[in-house]
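Thank you all for coming.

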Amino acid sequence: MTQAILSRLYDQIDQTTDRTTHFVSTNNQLEAMVTKAHVQLNQCIKDHGNGKPVLHEGGIYHGTWLESTGTINAEILSRFLPDIAQHTFEQFATHQRADGLIPYKVTPDGPNYRQIQLVSPLARSVWSHYQLNGRDKAFLKKMYDAMAKYDSWLTTYRNTRQTGCVEAFSTFDTGHDRSPRFWHAPDVPHTGDATKYHLDSPHLPFLAPDLTANVYCQRRYLAKIAIELGDTTHNWLALADQSLHSLMEYCYDKDDHLFYDLDRNHQHVKVQSDVLLRVLACEVGDDDFFKQALSRYLLHTKKFFSAYPFTSIALDDPRFDPTSTAYNSWSGTSNFLSLIRAPHAFEAHGHYVELTWVLQPILTAFAHMDRFPQTLHPWTGEAGFTDVYSPSILCLLDYIERLSGILPRPDGELWITGLTPYPFHQEHEQHEVAYSRHHNDHEYTLTHINETCTLYKDREELATFPAGIRLILNEVDQSISIVGMSVRTIKGTLTYQQTDYPFQIKGNEIQTLQAGAWATTQSPGIVPPTYE
């Protein structure tokens, strides 16, 4: 069977040379969806007339949105189509307004500045792309100058209450369409001017935790970029600390261990929403803080850990609406934008195992879909609103690579993960998979057969290891590490370049090979799901 699935994979590689990655599986439905993802991803790429095609959001969204397409979508895309990703980033700098405002979207008709619509930090996505794809300093400088100018704009126009938080003037400033968080608030800023809010509103402007966390994380990555470019004119880390202080002072509820908007009357808008995941994905909080968030919310089946996580409103909130799958809604349904943002939160604290509890049901859902929607039903996994939607297309490609593939990291690591999509939905068959990625002028191939993983480099066997771990090859210092990817302790042998290295590893534990022996470098433990 190993030779059969390898042959199928090699045939696919030889026949589709325009792709960086390839995937085959005995799960025909899942393989077909991955193939469809590559086809429909190309349908989301459009040329606005300047010879530099960019990624569109897809579905009913005919353009590139800063909160998603221009940040987290393009960040994932840079592993698959780096030139398109770079064009997608650059257009936001190209169309920056003279006063510093970056458009919230760019369409074939041009840029639009009506609102800010921020979620994922642009600087982190740009920095990741830069590290992964040739370290183009001209690109980095162009983006850095634009982001520094935009930081000044936000400070000038979105800090009217002088708290250091970033303020939301409308629903669309955060992209939280139809969320109870913004009931009785207008969808857009006053008169369509991003510098104004409705003066007669009983609660605006909000001190917004997700917007403030965005700027906190943005400034931390601007500090990294500044060092790379030799710029010493900004103290980005000090500014980031100010943002974090404001976030915790005004938007954090210590009793609830949750973040809320603070309205003009100094009341927290107590809607428990995916704002928590957004803030955590912006790298707010230490390891203990994140563990509490997992236990109390993200892995709690009364909060956000539905059968197909994560819900956009807490399940036990009476305002939660699981039926809102027929339109763009953040009032209950699980949203693919949340799903592609989530790895940043989990992996920053080493909770790789818990993240697989999200990846697995979502991949099960994909295997039973025939399209790529914006949302899915949190209880059944049924596809929701729209189709040919690039965040869900990229979610499938990203999740397959994180679970069963070969994932290059900005820091020079190559993650080779020995798990396979598990049959959760009225099935029992364990499927075999094979994955290939072209990376740094080499072809890497991984097979998962009968609980054994085999890694090939340029079609020559490089390593074998048991299922349930992740192999990490560090291309910077040539180190070799393994990660426990299961709740159970995995015991076995890594054979690398014909040398055996026996090991025993717990979930989320990282061991690094030092002088021929394994040394534990990280072991945060596992946070189980909660129910009460």
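Before the sheet itself, a word on terms: two strands are said to pair if DSSP finds at least two bridges between them, and helices (H or I, at least four residues) and strands (E, at least two) are DSSP runs, numbered from the N terminus. This is a predicted model, in which local features need pLDDT of at least 70 and side-chain atom pairs count only at pLDDT 80 or more, whereas totals for chains, interfaces and linings use all residues. Residues are numbered from 1 along each chain as its sequence is written, and side-chain values use heavy atoms, with hydrogens and water left out.

Let me begin with the open sheet, which is built from seven strands in the order β1-β17-β18-β19-β20-β23-β24, with antiparallel pairing. At its edges stand β1 (21–25) and β24 (499–505), and because each has a single partner strand, one side of each is left without a neighbour in the sheet. From one strand to the next the twist averages 15°, where axes are lines fitted to C-alpha atoms, for helices over the stretch in contact, and angles run from 0 to 180 degrees between N-to-C directions. Within this sheet, β18 (residues 442–449) and β19 (residues 452–457) are joined in the antiparallel sense by six bridges, and Ile449 stands opposite Thr452 in β19. Helix α13 (residues 390–404) packs on the sheet, where it touches β1, β17 (433–439) and β18, and its direction makes about 105° with that of β17.

Which residues have the most contacts inside the largest nonpolar core? They are Ile362, Phe366, Leu396, Leu455, Leu471 and Leu494, in a core of 164 residues. A nonpolar core here is a set of buried Ala, Val, Leu, Ile, Met, Phe, Trp, Tyr and Cys residues joined through side-chain atoms within 4.5 Å, and buried means under 20% relative accessible area, with exposed over 50% and partly exposed in between (1.4 Å probe, protein chains only). If we leave aside neighbours within four places in sequence, Leu396 is in contact (heavy atoms within 4.5 Å) with residues including Leu30, Met33, Leu363 and Phe366.

Now to strand β16 (residues 413–417), in which five of five residues are buried. Glu413, Trp415 and Thr417 lie on one side and Leu414 and Ile416 on the other.

Finally, the structure holds 20 aromatic pairs, meaning rings of Phe, Tyr and Trp (its six-membered ring) whose centres lie within 6.5 Å, with planes under 30 degrees apart counted as stacked, over 60 as edge-to-face and the rest as tilted. One of them joins Tyr352 and Trp415 edge-to-face, at 5.9 Å centre to centre and 90° between the planes. Tyr352 lies in helix α12 (residues 352–367) and Trp415 in β16, so this pair ties together parts that are 63 residues apart in sequence. Tyr352 is buried, with a relative accessible area of 11%, and Trp415 is buried too, at 4%.
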